[in-house]
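Let's take a walk through a protein together, one step at a time. Please have the sequence and the 3D view open as you read.

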Amino acid sequence: MNQSFFHDAARLNNEGVTALVGGDTETSINLLMSAVKMTKKYIASTTEQTAALASCSKESSSCFRSFSTVEVTCAVCDDPMFFRRAIMMPSDVDDGVSSPLDVYVYCAAVIFNLALVHHIQGSKNKDARNKAQQLYATTLMLLDDRVGHMQSALLLKLACINNMAHIRLENGEFDQAQAGLGQLSTLLKSTDEGLFEGVEVQALLMSVLLFKKPKVAAAA
(Lines give C-alpha, C1' and ligand atoms only; values in the text may rest on other atoms or scores of the structure.)
Protein backbone atom coordinates (compact mmCIF):
# COMPACT_ATOMS: atom_id res chain seq x y z
CA MET A 1 0.00 0.00 0.00
CA ASN A 2 1.12 3.53 -0.72
CA GLN A 3 1.70 5.43 2.52
CA SER A 4 2.00 8.81 0.77
CA PHE A 5 -1.46 8.28 -0.76
CA PHE A 6 -3.06 7.76 2.65
CA HIS A 7 -1.19 10.74 4.07
CA ASP A 8 -2.27 13.06 1.22
CA ALA A 9 -5.88 11.79 1.22
CA ALA A 10 -6.09 12.25 4.99
CA ARG A 11 -4.62 15.75 4.77
CA LEU A 12 -7.14 16.88 2.13
CA ASN A 13 -10.02 15.31 4.06
CA ASN A 14 -9.00 16.80 7.40
CA GLU A 15 -8.45 20.25 5.88
CA GLY A 16 -11.92 19.95 4.33
CA VAL A 17 -13.41 19.06 7.71
CA THR A 18 -11.59 21.98 9.35
CA ALA A 19 -13.08 24.33 6.74
CA LEU A 20 -16.53 22.88 7.36
CA VAL A 21 -16.25 23.32 11.12
CA GLY A 22 -15.24 26.93 10.44
CA GLY A 23 -18.38 27.46 8.35
CA ASP A 24 -16.62 27.64 4.96
CA THR A 25 -18.66 25.06 3.07
CA GLU A 26 -17.40 25.98 -0.41
CA THR A 27 -13.74 25.49 0.53
CA SER A 28 -14.71 22.29 2.31
CA ILE A 29 -16.40 20.91 -0.82
CA ASN A 30 -13.38 21.77 -3.00
CA LEU A 31 -10.95 20.01 -0.64
CA LEU A 32 -13.14 16.95 -0.18
CA MET A 33 -13.73 16.66 -3.94
CA SER A 34 -9.96 16.69 -4.43
CA ALA A 35 -9.65 13.86 -1.92
CA VAL A 36 -12.41 11.87 -3.67
CA LYS A 37 -10.70 12.28 -7.05
CA MET A 38 -7.41 11.17 -5.54
CA THR A 39 -8.89 7.99 -4.10
CA LYS A 40 -10.74 7.12 -7.31
CA LYS A 41 -7.57 7.62 -9.35
CA TYR A 42 -5.59 5.49 -6.92
CA ILE A 43 -8.11 2.64 -7.05
CA ALA A 44 -8.29 2.75 -10.86
CA SER A 45 -4.52 2.73 -11.28
CA THR A 46 -3.74 -0.07 -8.84
CA THR A 47 -4.58 -3.34 -10.53
CA GLU A 48 -2.73 -5.39 -7.92
CA GLN A 49 -4.94 -3.93 -5.22
CA THR A 50 -8.06 -4.94 -7.16
CA ALA A 51 -6.77 -8.50 -7.43
CA ALA A 52 -5.91 -8.56 -3.73
CA LEU A 53 -9.47 -7.57 -2.82
CA ALA A 54 -10.79 -10.73 -4.43
CA SER A 55 -8.92 -12.86 -1.89
CA CYS A 56 -9.13 -10.44 1.03
CA SER A 57 -11.46 -11.77 3.74
CA LYS A 58 -11.45 -10.45 7.30
CA GLU A 59 -7.84 -9.46 7.61
CA SER A 60 -6.98 -6.78 10.14
CA SER A 61 -7.06 -3.18 8.98
CA SER A 62 -4.42 -1.25 10.88
CA CYS A 63 -4.60 2.14 9.24
CA PHE A 64 -8.35 2.58 9.58
CA ARG A 65 -8.90 0.65 12.77
CA SER A 66 -9.97 3.88 14.45
CA PHE A 67 -10.68 7.48 13.58
CA SER A 68 -11.94 10.57 15.35
CA THR A 69 -15.05 12.63 14.74
CA VAL A 70 -15.66 16.33 15.23
CA GLU A 71 -18.99 18.07 15.72
CA VAL A 72 -20.01 20.59 13.07
CA THR A 73 -21.49 23.30 15.25
CA CYS A 74 -22.29 25.58 12.30
CA ALA A 75 -25.10 23.21 11.27
CA VAL A 76 -28.33 25.16 11.72
CA CYS A 77 -30.52 22.08 12.21
CA ASP A 78 -31.33 21.36 15.85
CA ASP A 79 -32.93 17.96 15.20
CA PRO A 80 -31.18 15.49 17.56
CA MET A 81 -31.67 12.77 14.93
CA PHE A 82 -29.20 14.50 12.58
CA PHE A 83 -25.68 13.05 12.94
CA ARG A 84 -23.55 16.16 12.44
CA ARG A 85 -20.11 14.77 13.20
CA ALA A 86 -17.49 14.79 10.42
CA ILE A 87 -14.77 12.14 10.08
CA MET A 88 -11.14 13.04 10.77
CA MET A 89 -8.75 10.48 9.27
CA PRO A 90 -5.52 9.01 10.61
CA SER A 91 -2.55 9.62 8.32
CA ASP A 92 0.10 7.48 10.05
CA VAL A 93 -0.20 4.37 7.91
CA ASP A 94 2.11 1.38 8.22
CA ASP A 95 2.49 0.02 4.68
CA GLY A 96 3.58 -3.39 5.94
CA VAL A 97 0.33 -4.27 7.71
CA SER A 98 -2.37 -2.17 6.02
CA SER A 99 -5.22 -3.87 4.16
CA PRO A 100 -6.22 -3.29 0.51
CA LEU A 101 -9.70 -2.57 1.85
CA ASP A 102 -8.53 0.53 3.69
CA VAL A 103 -8.58 2.65 0.55
CA TYR A 104 -12.29 1.89 0.13
CA VAL A 105 -13.07 2.88 3.70
CA TYR A 106 -10.99 6.04 3.26
CA CYS A 107 -12.96 6.89 0.12
CA ALA A 108 -16.28 6.17 1.86
CA ALA A 109 -15.35 8.44 4.78
CA VAL A 110 -14.49 11.32 2.43
CA ILE A 111 -17.76 10.90 0.51
CA PHE A 112 -19.66 10.80 3.81
CA ASN A 113 -18.07 14.12 4.80
CA LEU A 114 -18.98 15.55 1.40
CA ALA A 115 -22.56 14.38 1.91
CA LEU A 116 -22.57 16.04 5.32
CA VAL A 117 -21.55 19.39 3.79
CA HIS A 118 -24.40 19.23 1.27
CA HIS A 119 -26.77 18.07 4.03
CA ILE A 120 -25.89 21.17 6.06
CA GLN A 121 -26.31 23.40 3.01
CA GLY A 122 -29.66 21.70 2.44
CA SER A 123 -31.24 23.16 5.56
CA LYS A 124 -32.84 25.68 3.18
CA ASN A 125 -32.21 23.97 -0.17
CA LYS A 126 -33.94 20.76 -1.23
CA ASP A 127 -31.53 20.23 -4.16
CA ALA A 128 -28.60 20.19 -1.73
CA ARG A 129 -30.45 17.72 0.50
CA ASN A 130 -31.06 15.44 -2.48
CA LYS A 131 -27.38 15.66 -3.43
CA ALA A 132 -26.49 14.69 0.13
CA GLN A 133 -28.86 11.73 -0.04
CA GLN A 134 -27.18 10.50 -3.25
CA LEU A 135 -23.75 10.75 -1.62
CA TYR A 136 -24.90 8.89 1.50
CA ALA A 137 -26.20 6.13 -0.80
CA THR A 138 -22.84 6.01 -2.60
CA THR A 139 -21.08 5.66 0.75
CA LEU A 140 -23.28 2.69 1.65
CA MET A 141 -22.50 1.01 -1.67
CA LEU A 142 -18.77 1.29 -1.00
CA LEU A 143 -19.15 -0.24 2.47
CA ASP A 144 -20.17 -3.73 1.42
CA ASP A 145 -19.67 -7.05 3.23
CA ARG A 146 -15.89 -6.99 2.65
CA VAL A 147 -15.55 -4.29 5.31
CA GLY A 148 -18.27 -5.61 7.61
CA HIS A 149 -15.69 -6.49 10.27
CA MET A 150 -14.52 -2.87 10.72
CA GLN A 151 -16.18 -0.75 13.41
CA SER A 152 -15.27 2.39 11.46
CA ALA A 153 -17.29 1.06 8.50
CA LEU A 154 -20.22 0.24 10.80
CA LEU A 155 -20.27 3.78 12.18
CA LEU A 156 -20.33 5.20 8.64
CA LYS A 157 -23.14 2.86 7.62
CA LEU A 158 -25.30 3.81 10.61
CA ALA A 159 -24.60 7.51 10.08
CA CYS A 160 -25.67 7.24 6.44
CA ILE A 161 -28.86 5.32 7.24
CA ASN A 162 -29.66 7.82 9.99
CA ASN A 163 -29.04 10.95 7.93
CA MET A 164 -30.84 9.62 4.86
CA ALA A 165 -33.91 9.05 7.04
CA HIS A 166 -33.53 12.62 8.32
CA ILE A 167 -33.47 14.02 4.77
CA ARG A 168 -36.47 11.99 3.69
CA LEU A 169 -38.32 13.24 6.75
CA GLU A 170 -37.42 16.83 5.84
CA ASN A 171 -38.71 16.18 2.30
CA GLY A 172 -41.98 14.78 3.61
CA GLU A 173 -41.15 11.26 2.38
CA PHE A 174 -42.17 9.52 5.58
CA ASP A 175 -42.59 6.00 4.21
CA GLN A 176 -39.17 6.14 2.55
CA ALA A 177 -37.67 7.41 5.79
CA GLN A 178 -38.99 4.34 7.60
CA ALA A 179 -37.42 2.14 4.90
CA GLY A 180 -34.10 2.79 6.63
CA LEU A 181 -35.25 0.39 9.32
CA GLY A 182 -35.13 -2.38 6.71
CA GLN A 183 -31.49 -1.51 5.98
CA LEU A 184 -30.79 -1.55 9.69
CA SER A 185 -32.38 -4.98 10.10
CA THR A 186 -30.10 -6.39 7.39
CA LEU A 187 -27.11 -4.74 9.02
CA LEU A 188 -27.92 -6.19 12.44
CA LYS A 189 -28.16 -9.72 11.04
CA SER A 190 -24.82 -9.54 9.22
CA THR A 191 -22.67 -7.74 11.81
CA ASP A 192 -20.68 -9.08 14.75
CA GLU A 193 -22.33 -7.95 18.01
CA GLY A 194 -18.98 -6.78 19.39
CA LEU A 195 -18.80 -4.00 16.80
CA PHE A 196 -21.80 -2.26 18.40
CA GLU A 197 -19.95 -1.50 21.63
CA GLY A 198 -18.69 1.98 20.69
CA VAL A 199 -20.51 4.95 22.25
CA GLU A 200 -21.14 6.73 18.94
CA VAL A 201 -22.26 3.49 17.30
CA GLN A 202 -24.75 2.82 20.12
CA ALA A 203 -26.10 6.38 19.93
CA LEU A 204 -26.65 6.10 16.17
CA LEU A 205 -28.25 2.69 16.52
CA MET A 206 -30.69 4.05 19.10
CA SER A 207 -31.45 7.07 16.89
CA VAL A 208 -32.45 4.87 13.95
CA LEU A 209 -34.39 2.39 16.10
CA LEU A 210 -36.42 5.17 17.72
CA PHE A 211 -37.34 6.76 14.41
CA LYS A 212 -41.10 7.20 14.07
CA LYS A 213 -43.32 8.66 11.43
CA PRO A 214 -44.54 12.04 12.70
CA LYS A 215 -48.17 12.28 13.73
CA VAL A 216 -50.38 14.44 11.54
CA ALA A 217 -53.06 16.40 13.34
CA ALA A 218 -56.60 15.48 12.32
CA ALA A 219 -58.46 18.04 10.24
CA ALA A 220 -60.93 20.16 12.12
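Let's begin with a single residue. Asn-13 sits in helix H1; helices (DSSP runs of H or I, at least four residues) and strands (DSSP runs of E, at least two) are numbered from the N terminus. Asn-13 is buried, with a relative accessible area of 0%, where buried means under 20%, exposed over 50%, and partly exposed in between, using a 1.4 Å probe and protein chains only. Leaving out residues up to four places away in sequence, Asn-13 touches Leu-32, Ala-35, Ile-87, Met-88, Met-89, Ala-109, Val-110 and Asn-113; a contact here means heavy atoms within 4.5 Å. The side chain of Asn-13 also makes a polar contact of 3.0 Å with the side chain of Asn-14. A polar contact is a pair of N or O atoms within 3.5 Å; within protein, one must be able to donate a hydrogen and the other to accept it, and residues adjacent in sequence count only if both atoms are side-chain atoms.

Before going further, a word on what you are looking at. This is a predicted model, in which local features need pLDDT of at least 70 and side-chain atom pairs count only at pLDDT 80 or more, while totals for chains, interfaces and linings use all residues. Residues are numbered from 1 along each chain as its sequence is written, and side-chain values use heavy atoms, leaving out hydrogens and water. The pLDDT is the predictor's confidence in each residue, from 0 to 100. Its mean over the protein chain is 77, and 68% of the residues reach 70 or more. Over residues 60-64 the pLDDT is below 50, although this stretch has 23 contacts in the model beyond near neighbours in sequence.

Now step back to the whole chain. Its secondary structure comes to nine helices and two strands, running α-α-α-β-β-α-α-α-α-α-α from the N terminus. Of its 220 residues, 50% count as buried. Among contacts between residues at least 6 apart in sequence, 75% join residues at least 24 apart.

What lies inside? The largest nonpolar core has 60 residues, and Val-103, Phe-112, Leu-116, Tyr-136, Val-147, Leu-156 and Leu-158 touch the most other members. Such a core is a set of buried Ala, Val, Leu, Ile, Met, Phe, Trp, Tyr and Cys residues joined through side-chain atoms within 4.5 Å. The elements that each supply at least two residues include H1, H2, strand E2 and H4, and H4 gives the largest share, 15 residues. In soluble globular proteins, nonpolar side chains tend to be buried together. H4 itself is mostly covered, with 19 of its 20 residues buried.

Let's finish around H2. In the loop between H1 and H2 you will find Asp-24, which is partly exposed at 35% relative accessible area. Is Thr-39 buried or exposed? Thr-39 counts as buried, because its relative accessibility is 0%. The side chain of Thr-39 reaches the backbone oxygen of Val-36 at 2.7 Å, and beyond four places in sequence Thr-39 is in contact with Phe-5, Ala-9 and Cys-107.
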